[in-house]
Amino acid sequence: MTKREEYEKKTEELLLPIMEENQFELVDVEYVSEGGVYYLRAYIDKPGGITVDDCEVVSRRLSDLLDKKDFIKDASYILEVSSPGLGRQLKKDKDFDRNMGKEVEIRLYKSFQGRKEYKGVLQAYSKDTVTIADDKEGLTLNRADIALIRLAFDF
């Protein structure tokens with residue numbers, strides 16, 4: 001397990017009781033470096049959507065717990081708590097479950113059947129594949145070949 005994975009796992013463990021207490025869903029936790037600055041991000045959700053006040057409640061509680069546990073020793077970081085947002089990738093099984101029957105867009109690492117981008121309705125998934133129905137027919141893609149999968153949105 002890498003440091004990043006360890007930090008994310010420990011942060012998830014701290015967040016779960018806060019999520020249950022407030023009837024929120026923990027969508028994801030990520031520890032990333034962007035431009036030399038480290039960020040510890042928690043993405044939360046609830047039916048009807050997350051408010052700024054919800055994020056503040058979770059952020060304050062999590063910040064206090066992180067200060068007590070102090071397991072991220074190698075760098076200072078910025079804590080962010082937010083909603084997942086429209087452009088967020090589908091990563092976990094619960095992301096796929098929640099979005100079954102919705103339109104998704106998929107980008108592949110390399111071309112498949114002459115294309116690298118697909119759009120269709122999410123029909124099924126497994127640990128190895130994702131199946132969508134596009135305008136022609138059903139299409140099953142290997143998850144290892146998928147660079148990005150997220151909800152499709154039109155403006």
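## Around Thr-11

Leaving aside residues up to four places away in sequence, Thr-11 touches Val-29, Leu-40, Leu-62, Leu-66 and Phe-71 (contact means heavy atoms within 4.5 Å). This is a predicted model, where local features need pLDDT of at least 70, side-chain atom pairs count only at pLDDT 80 or more, and totals for chains, interfaces and linings use all residues. Residues are numbered from 1 along each chain as its sequence is written, and side-chain values use heavy atoms, with hydrogens and water left out.

Thr-11 sits in helix 1, residues 3-22 (helices are DSSP runs of H or I, at least four residues, and strands are E runs of at least two, numbered from the N terminus). Thr-11 is buried, at 0% relative accessible area (buried means under 20%, with a 1.4 Å probe and protein chains only). Its side chain reaches the backbone oxygen of Tyr-7 at 2.7 Å.

## The cores

Now for the largest nonpolar core: it has 21 residues, and Leu-15, Met-19, Ile-44 and Val-58 have the most contacts inside it. Such a core is a set of buried Ala, Val, Leu, Ile, Met, Phe, Trp, Tyr and Cys residues joined through side-chain atoms within 4.5 Å. Helix 1, strand 1 (25-34), strand 2 (37-45) and helix 2 (52-69) each give two or more residues to this core, and helix 1 gives the most, with 5.

A second, separate core of 13 residues includes Ile-132, Leu-139, Leu-141 and Ile-146.

## Helix 1 meets helix 2

In helix 1, Thr-11, Leu-15 and Met-19 are among the residues that meet helix 2, where the partners include Val-58, Leu-62 and Leu-66.

Terms used: Buried means under 20% relative accessible area, exposed over 50%, partly exposed in between (1.4 Å probe, protein chains only). A polar contact is a pair of N or O atoms within 3.5 Å; within protein, one must be able to donate a hydrogen and the other to accept it, and residues adjacent in sequence count only if both atoms are side-chain atoms.
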